[in-house]
Amino acid sequence: MTTLLFERSLPRFAAARIVSTLGSGRGAGVGPLRLVEREAPDLPGPGWVHVDPLLSGICGSDLATLDGRSSRYFEDIVSFPFVPGHEVVGRLTDDGVAADGTALSAGTRVVLQPVLGCAARGIQPLCAACSFGHVGNCGQLAFGHIRPGLQTGFCADTGGGWSTSGLVAHTSQLFAVPEALTDTDAVTVEPVACAVHAVLGAGIADGDVVAVLGAGTLGLTVIAALSHLAATGRCPTPAVTLVGAKYAHQQRLAGALGATESLPPGQLARAVRRHSQSLSFGGASGQTATLSGGADVVIDCVGSAESIGQALAMVRPRGTVALVGMPGKVTVDLAPLWHREVRLAGAYAYGTETVGNGGTGSVAPVSTFDLAFEVVAAQQTGRLVSATYPLTRFEDAVAHAGAAGRRGAVKIAFDMEKGHTR
């Protein structure tokens, strides 16, 4: 069975980092990722099942890892060797149980909630975060009866989606895929769940000016989630949603998914200024001028030093910058955050959300993944999957993912069944 295995190798890690300076994803062939023949992992314990992946996406955190640029923060919550792939739609090989307790028969299509929280690790009692349904905030990712791993795809004991031999998943991670959704729709459920969590945690209010930096997979799914959740009364409705999108196809998709305006990043601050009726000052060459007012909420789906600096320049005093794109070690001038009392908030993963009940005024807890399925169906996010590759062409696939925007693409995935590029 063919598997892509990521091993601990400092020389190969360094080689990938050097080659990736030529472009993200270019170093996959010289890095620690290699194609091997490997059987599926053994079941770690009760409540675990085998899953055969159908499609598995390549995301920004995967690229950072393959490029040798992931943060050292993750070293203690990752175990080697691991099989990457946490954006997964697959089939159960045996009967199982979904996260909501529903019985699932063998052959059922499922998507993974990949965080390996207390339930998956056999830890009782659950930590405070897991007990409230906030599995993304689990503090025990290095403990329990499986080795460290913040998610499936970063743990040596679970396998991952980049494999034809299959992976193992705990019942707490399983969500059945509705029959109406295609596999390409389903493989976007996990990134859409990240977007749903980010939108609901950003503190958006009715009538706000919202700016979104970046229009790759994360940026576009944030727009899709915000548009659908607002339309269905699950979150407040902003006055405008302004998106900085570098490429023409991203601008078109952002508009189709519900953005008020989508424009090149260099023009975003001007649009924010116009809609917030702000003045601007400063802005040396190559820098964004600071706005006297600005956007109420800026959602940063890039996570670079440049994007964080841009967000701080265009958010209003006491506004919020929601950091959705995974940052590494960056150097950012935080004087504006301090001076303007800006709230900088991270947005990671998913769990349980408290949302409005269709405009009735009541609120109720609901799984982030259940909301994500709604968004995927309503917004047809499967259209963001631009190409699929067999595992044997992993170098081409990773290079395509690393240059997705430049090549007119959004999401690249591995296809375990068809074995051809689409």
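**Entry 1: helix α10**

I began with α10, which is mostly covered, with 7 of its 10 residues buried (buried means under 20% relative accessible area with a 1.4 Å probe, protein chains only). I worked on a predicted model, in which local features need pLDDT of at least 70 and side-chain atom pairs count only at pLDDT 80 or more, whereas totals for chains, interfaces and linings use all residues. Residues are numbered from 1 along each chain as its sequence is written, and side-chain values use heavy atoms, with hydrogens and water left out.

I listed the buried residues of α10 as S307, I308, Q310, A311, L312, A313 and M314. Their cover includes β10, α9 (265-276), β14 (290-291), β15, β16 and α11 (335-339). Helices here are DSSP runs of H or I of at least four residues, and strands are runs of E of at least two, numbered from the N terminus.

**Entry 2: the sheet**

I next traced an open sheet of 6 strands with parallel pairing, in the order β12-β11-β10-β15-β16-β17. Its edge strands, β12 (261-263) and β17 (343-346), each pair on one side only. The twist averages 15 degrees from one strand to the next. Two strands pair if DSSP finds at least two bridges between them; β11 (residues 240-244) and β12 are joined by 3. Which residue of β12 is the bridge partner of V243? I found S262.

I then looked at the helices on this sheet. Helix α7 (residues 217-231) lies across β10 (209-213), β11 and β15 (295-300), at about 155 degrees to β10. Helix α10 (residues 305-314) lies across β10, β15 and β16 (315-323), at about 150 degrees to β16. Axes are lines fitted to C-alpha atoms, for helices over the stretch in contact, and angles run from 0 to 180 degrees between N-to-C directions.

**Entry 3: the cores**

I looked up the largest nonpolar core and found 93 residues, with the most contacts inside it made by I58, V111, W162, L220, I299 and F414. Such a core is a set of buried Ala, Val, Leu, Ile, Met, Phe, Trp, Tyr and Cys residues joined through side-chain atoms within 4.5 Å. A second, separate core of 21 residues includes L268, A271, V298 and V321.

**Entry 4: T381**

I located T381 in the loop between α12 (368-379) and β20 (385-389). Why does T381 count as buried? T381 does so because its relative accessibility is 1%. Its side chain makes a polar contact with the side chain of T188 at 2.7 Å (a pair of N or O atoms within 3.5 Å; within protein, one must be able to donate a hydrogen and the other to accept it, and residues adjacent in sequence count only if both atoms are side-chain atoms).

Methods:
Contact = heavy atoms within 4.5 Å. Buried < 20%, exposed > 50% of the residue type's maximum accessible area, 1.4 Å probe, protein only.
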